[in-house]
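Notebook open, model loaded. I want to look at strand pairing and then at a helix pair.

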Amino acid sequence: MKKAILVILGFVAVLQGQAPQNEIKTFHVQGNVYMLVGAGGNIAVQTGDEGVLVVDTGVAQTRDKVLAAIRQLSTKPIRWMINTHAHPDHTGGNETVSQAGLTVNGNPAAIIAHENVLTRMTEASRPVTERPLNTFFEDERDFYFNGEAIFIYHVPHAHTDGDVLVYFRGSDVLVAGDIFVTTTYPVIDAKLGGGVEGFVTGLNKVLDITVPKYLQEGGTYVIPGHGRVGDEADVVDYRDMVVIIRDRIQDMIKRGLTLEQIKTARPALDYDGRYGNDKSWTTAMFVEAVYRDLTQKKSN
Ligand SMILES: [Zn+2]
């Protein structure tokens with residue numbers, strides 16, 4: 001029992017990444033889109049004449065500060081919210097932000113997500129007021145708000161089974177959720193339907209959309225789930241890292257190495273200085289998750 005609780009606590013720590021700081025900092029990314037940092041997962045806010053759209057809401061502990069930071073950007077009604085996935089470090093402020101919002105029909109702000117996010121949050125017994133009730137099951141969804149087209153793309157089996165990318169076409173900003181982070185190796189939440197192939201697919205989708213401005217710098221900006229804003233070149237590096245480590249592990253599996261032997265061979269060694277982490281999502285956890293994902297697929 002004690003062990004089970006420790007495992008759960010450890011897992012929550014992994015999902016939340018770094019401990020939330022006290023202050024919520026606001027950065028203007030580009031066009032109509034801002035990023036709020038300090039609430040666990042990064043938050044994106046789009047503002048304009050029609051109101052406010054919020055992508056992800058951070059951990060529950062910072063929800064009031066997040067709402068205050070949104071209100072600093074705009075006092076117009078919060079009309080729409082989007083969740084990139086179900087984890088509590090990205091959806092913990094859902095209720096607070098939604099209740100403070102107002103749709104044109106006079107309801108709390110509608111939360112849009114892939115239907116798997118609703119399923120996962122229902123399984124986790126999250127209160128109804130936190131759940132995204134405006135769900136979709138198609139590969140993508142688009143709508144127009146604040147003078148620009150907004151595209152939502154579902155990426156199956158990546159960080160979880162409900163991940164979406166959100167692209168603001170006019171502002172030219174893409175919100176990647178935890179498919180792209182600058183702080184750790186990709187977090188594969190196998191229990192929520194994640195897998196390494198989905199990361200490759202999702203990161204390639206980001207690369208399809210993003211365009212660099214000059215000498216591979218600037219242009220489309222990408223807001224990661226955790227860490228600092230990137231551009232296409234950053235996502236190329238991250239995609240290459242995932243592909244290289246996946247291929248190394250796949251090769252070791254083919255050569256008959258056990259998980260312990262693969263861990264000892266350190267297939268991620270040259271990236272550990274950049275993404276290695278001995279606190280939450282460790283290299284060993286990442287290597288093991290890729291191994292389990294690849295070997296499971298083999299037996300299917
Ligand atoms: Zn997450």
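I started at tyrosine 153, which stands opposite leucine 165 in E10. This is a predicted model, where local features need pLDDT of at least 70, side-chain atom pairs count only at pLDDT 80 or more, and totals for chains, interfaces and linings use all residues. Residues are numbered from 1 along each chain as its sequence is written.

Next I checked the strands around that spot. E9 (residues 148–155) and E10 (residues 163–168) pair in the antiparallel sense over 6 bridges; strands pair if DSSP finds at least two bridges between them. Helices (H or I, at least four residues) and strands (E, at least two) are DSSP runs, numbered from the N terminus.

Then the whole sheet: it is open, with 5 strands in the order E8-E9-E10-E11-E12 and mixed pairing. E8 (140–145) and E12 (221–224) each have a single partner strand, so one side of each lacks a neighbour in the sheet. I noted a twist averaging 20 degrees from one strand to the next.

Last, the helices. H6 (residues 196–209) and H7 (residues 232–254) pack at about 155 degrees, axes 10 Å apart (axes are lines fitted to C-alpha atoms, for helices over the stretch in contact; angles run from 0 to 180 degrees between N-to-C directions). That makes H6 roughly antiparallel to H7 (over 145 degrees). I looked up who touches whom (C-beta atoms, placed from the backbone, within 7 Å): the contact includes Phe199 and Leu203 of H6 and Tyr238 and Arg239 of H7.

Definitions and conventions. Angles under 35 degrees count as roughly parallel, over 145 as roughly antiparallel, 65 to 115 as roughly perpendicular and the rest as oblique. Two residues are in contact if their C-beta atoms, placed from the backbone, lie within 7 Å.
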